[in-house]
Amino acid sequence: MMNYQAIKNGIKSSPAFVLDETEVIKNLKILAGLRNQCGYKILYSLKALPLSAVTEIAKPFVDGFSVSSLFEARLADEILAGQGSIHLTTPGIRQDEWEDMTRLITHISFNSITQYQRFATATQAQISIGLRVNPKLSFLNDNRFDPCRQNSKLGVDIDDLWQSSYLDQVKGLHFHNAFSATDFTPLIKTIEKLRSYFGKNLAQLDWLNLGGGYLFEEIEDYSPFIELVNKLKNDFAIEVYIEPGKAVVGNAGYIVTTVLDSFMSDGKNIVILDTSVNHNPEVFEYQRQPELHERDSSGQYSAILAGCTCLAGDVFGEYRFKEPLQTGDKLIFKNIGAYSLIKANRFNGYNLPDIYVCKSAQTTKIKQYTYQDYRRQWLPDE
Ligand SMILES: *Cc1c(COP(=O)(O)O)cnc(C)c1O
């Protein structure tokens, strides 16, 4: 359990993104423990948070990384230095990057048949070729992050794959159709569907990549998962990969922010923070209210927490508190380790947060962006 007061005391600047290294290790130990029980392989999905503090911790626990672009592949290659596999899947393979890409990756799951046709023959022999399949099973009622939505751009339609002979030509299949799932129902249903379509033909494959999207640390009973993976390995003699992102860093990231101002607007208390949706764009993209450590749902005060940019909708939401908030108070947003910092920007000229790591109540600043970083972004190359 995070010591919030120690964090607040340890932070010498605000806003701050704090990575709790102890929590990252705990998450990775869960995944590694499961690996002991079913022998799957773990790829950390770099896109969630490619911070070196995370990748260095992850390296001894994982079997490789899953990447979506040339930059991610380069980063993964630098970190692994040949000691692990790099799996790529993306709708956006570029002709002009393909040669560089093939020197870095070990596995590819082509996103479409046309992509496969265009690039498979120009793929070096040592790269294991697979396809991303769209199992056409939606477990979300929000189109914005449902890979199996109508007219999906992600993966080869399972019916098309079944009617074609492409399965016979590839070494692996990949799917990713869950989002922050806290039980294994989506996975069980998806595997059932794959089995009913392809049956014994799955044994022709070398590997099956189950994607990410499961919050392992929030799931209590792993036995259905262990059983499923063991059965896949027994029935088809294939390697099974998972590629978690949020399960590794989601609960390990915090933003510490300071109250800049507080006033009334149409009868409600508006509290302006020194952070904004710039630092956590999913709050605005998905209109999602982030968790706040200080929230007290039975508290008698309420306030609308708002970001400091000029965007009217730069608002975190209405929260209740035991005490009214004062200028200078520090607050902690939690559970925002994944997909926050990686999407952060400097809109309005507000700096990115300083970055801290904490380990057993010891908090250390590891990075601070400056005016020069902002300025350089807008200057032409020298
Ligand atoms: C984003 C993504 C992941 C990681 O998802 P999490 O929800 O962070 O676990 C894994 N695989 C693919 C293909 C992805 O797009």
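Asn-335 sits in the loop between strand S16 (330–334) and strand S17 (354–359). Strands here are DSSP runs of E with at least two residues, helices are runs of H or I with at least four, and both are numbered from the N terminus. The model is predicted: local features need pLDDT of at least 70, side-chain atom pairs count only at pLDDT 80 or more, and totals for chains, interfaces and linings use all residues. Residues are numbered from 1 along each chain as its sequence is written, and side-chain values use heavy atoms, with hydrogens and water left out.

Asn-335 is not a glycine, yet its phi is positive, at about 65°. Most residues other than glycine have a negative phi, and most peptide bonds are trans. Asn-335 has a relative accessible area of 33%, so it is partly exposed (buried is under 20%, exposed over 50%, partly exposed in between; 1.4 Å probe, protein chains only).

Ser-180 also has a positive phi, near 50°. Its loop runs between strand S8 (172–174) and helix H8 (185–198). Ser-180 is partly exposed because its relative accessibility is 24%.

Next, a peptide bond. The one from Ser-14 to Pro-15 is cis, with omega near 0°. Pro-15 belongs to the loop between helix H1 (4–10) and strand S1 (16–20).

Asn-134 is part of strand S6 (residues 128–134). Its relative accessibility is 6%, so Asn-134 counts as buried. A polar atom of the Asn-134 side chain lies 2.8 Å from the backbone nitrogen of Lys-136. Beyond its neighbours within four places in sequence, Asn-134 is in contact (heavy atoms within 4.5 Å) with residues including Pro-147, Cys-148, Leu-154 and Ile-158.

Methods:
Polar contact = N/O pair within 3.5 Å; in protein donor to acceptor, adjacent residues only side chain to side chain.
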